[in-house]
Amino acid sequence: SPRRTRALRSKMSYEMGRVELHLRDAIKEHGAGHLTLIDPDSQTPQEAGMMAQAASQGGTDAIMVGGSMGATGVLLYETVAEIKRVTDLPVILFPASTAGLCENADAVFFMSLLNSRSPSYLIENQALGAPLVLRYRLEALPMAYIIIEPGGTVGYVGDARLIPRKKPELALAYALAGKYLGMRLVYLEAGSGADSPVPAAMVALVKKMLGDVLIIVGGGIRSGAAAAELVAAGADLIVTGTAVEKSQDVCSFISELTSAIRR
Ligand code: 1GP
């Protein structure tokens with residue numbers, strides 16, 4: 001019967017949690033959302049808290065915490081604690097390894113670097129981290145992480161076979177594989193501080209073919225105009241890190257981004 005099928009379906013699928021629903025609601029309401037990335041290695045926890053507070057006032061939808069190097073231990077814990085103390089925003093971990101997990105965050109991008117050559121980034125860190133995710137009661141958001149040229153530090157550290165910028169069909173192939181593996185989010189990453197973001201044509205192709213999967217785009221986005229172009233192409237969530245760190249006035253910079261991408 002249809003009722004049994006429905007019940008089975010909800011039992012079998014890994015259910016969406018509070019943070020994913022918060023992001024999906026924001027996207028439904030405004031057409032797109034914004035995530036502020038804070039690397040605990042780049043400033044003190046107090047400064048991170050002030051950045052998060054300003055980003056919150058500027059309308060960001062959640063704070064991502066992570067970094068390729070040094071985003072671990074007491075510094076990570078205190079950074080998350082300070083952000084949670086001064087804002088009501090969900091904190092989503094963006095870990096480079098199991099060391100990027102921490103019990104006071106709300107959620108984790110539980111991701112596999114699909115175009116890595118290294119089993120460490122495909123599945124080993126995930127297997128070692130999964131029992132911690134359970135113990136810390138973190139909401140796991142199942143995500144395909146795909147690194148596009150130039151790839152930056154994360155491309156190097158993650159041993160990625162970078163997707164050429166002119167090959168959107170390769171990005172699509174990995175993204176579709178992620179969808180068929182049950183991932184509900186795809187992150188197209190150009191690398192932190194990239195000269196230019198992921199090409200809009202690549203975002204457009206991936207979004208067109210993936211439907212309900214949330215498309216996150218990050219790396220090298222420095223202006224409202226660049227963010228708006230990616231959202232027009234189909235990005236659901238825009239990530240900015242470096243440009244926020246460098247900004248003299250975080251609140252107005254984030255306002256510029258959020259007003260550019262919202263309808
Ligand atoms: C890096 O995509 C993110 O993982 C953000 O990149 O620092 O260039 O904003 P930026």
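A: Contact here means heavy atoms within 4.5 Å. The model is predicted, so local features need pLDDT of at least 70 and side-chain atom pairs count only at pLDDT 80 or more, whereas totals for chains, interfaces and linings use all residues. Residues are numbered from 1 along each chain as its sequence is written, and side-chain values use heavy atoms, without hydrogens and water.

Q126 belongs to helix 5, residues 119-135 (helices, H or I, of at least four residues and strands, E, of at least two are DSSP runs numbered from the N terminus). Its relative accessibility is 9%, so Q126 is buried (under 20%; exposed is over 50%, partly exposed in between; 1.4 Å probe, protein chains only). Beyond residues up to four places away in sequence, Q126 touches F110, M111, S112, L113, S120 and Y121.

M64, in strand 2 (residues 62-65), is buried at 0%. Its C-alpha atom is separated by 14 Å from that of M111, 47 residues apart along the chain. Outside four places in sequence, the contacts of M64 include F94, F109 and Y187.

Four aromatic pairs are counted (Phe, Tyr and six-membered Trp rings with centres within 6.5 Å; planes under 30 degrees apart are stacked, over 60 edge-to-face, the rest tilted). F94 and F109 are edge-to-face because their planes stand at 85°, with centres 6.5 Å apart. F94 lies in the loop between strand 3 (91-93) and strand 4 (107-113), and F109 in strand 4. Y145 and Y187 are also edge-to-face, with centres 5.1 Å apart and planes at 90°. This pair joins strand 5 (residues 139-147) to strand 6 (residues 185-189), 42 residues apart in sequence. Ring pairs link F94, F109, Y145 and Y187 into a cluster.
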